[in-house]
Amino acid sequence: MQNMLRNNLEKKGIIAEECKAFHLIAHGPLFPEAKDDWEKHCERRDIVSALEKQLAEDLKSSGYNVLNEVKARNPLDQQLWASVRIAFAGHFLRL
């Protein structure tokens, strides 16, 4: 288990080893790998960070307990966000 996940769980008073299960919900890939192209990697990373921030905010406003705060400052791609939101709404019914 990654250290950031463990830290965020502990901040909420949850001990990872006492959890019976973890469910990972992911969507993607959104883009092909930007192999050997740092500039393209950074562009895509910035797009994804804005999507992650919007997802976290929308989950919180829908009443879900989100462990971490995403502090991205990048502009949100509204068209891409619409498809990502639909994908996650299938798993988070209040979204």
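A few ground rules come first. In this predicted model, local features need pLDDT of at least 70 and side-chain atom pairs count only at pLDDT 80 or more, while totals for chains, interfaces and linings use all residues. Residues are numbered from 1 along each chain as its sequence is written, and side-chain values use heavy atoms, with hydrogens and water left out.

Let's start with the overall picture. The protein chain has three helices and zero strands, and the order from the N terminus on is α-α-α. Helices here are DSSP runs of H or I with at least four residues, strands are runs of E with at least two, and both are numbered from the N terminus. Taken along the principal axes, the C-alpha atoms fill a box of roughly 40 × 30 × 20 Å. Of the 95 residues in the chain, 22% are buried (buried is under 20% relative accessible area, exposed is over 50%, and partly exposed is in between, using a 1.4 Å probe and protein chains only). As for contacts (heavy atoms within 4.5 Å), 55% of those between residues at least 6 apart in sequence join residues at least 24 apart.

Next comes the helix pair. Helix 2 (residues 38–61) and helix 3 (residues 78–89) have axes that come within 11 Å and cross at roughly 50°, and that makes helix 2 oblique to helix 3. The axes are lines fitted to C-alpha atoms over the stretch in contact, with angles running from 0 to 180 degrees between N-to-C directions. Angles under 35 degrees count as roughly parallel, over 145 as roughly antiparallel, 65 to 115 as roughly perpendicular, and the rest as oblique. On the helix 2 side, I47, L51, Q54, L55 and D58 take part, and they meet L80, W81, V84, R85 and F88 of helix 3. Sorted by type, the residues of this contact are seven nonpolar, one polar and two charged (Ala, Val, Leu, Ile, Met, Phe, Trp, Tyr, Cys and Pro are nonpolar, Asp, Glu, Lys and Arg are charged, and the others, Gly among them, are polar).

Two residues in helices are worth a look. S49 sits in helix 2 and is buried, at 15% relative accessible area. A polar atom of the S49 side chain lies 2.9 Å from the backbone oxygen of D46. Not counting residues up to four places away in sequence, S49 touches V70, A72 and N74. N8, in helix 1 (residues 3–11), is buried too, with a relative accessible area of 11%. Leaving aside neighbours within four places in sequence, N8 is in contact with L67 and N68.

Most residues other than glycine have a negative phi, and most peptide bonds are trans. The peptide bond from G28 to P29, however, is cis, with omega near 5°, and P29 belongs to the loop between helix 1 and helix 2. D36 is in the loop between helix 1 and helix 2 and has a positive phi, near 60°; its relative accessibility of 79% makes D36 exposed. Finally, R73 lies in the loop between helix 2 and helix 3 and is exposed at 80% relative accessibility.

Technical notes:
Polar contact = N/O pair within 3.5 Å; in protein donor to acceptor, adjacent residues only side chain to side chain.
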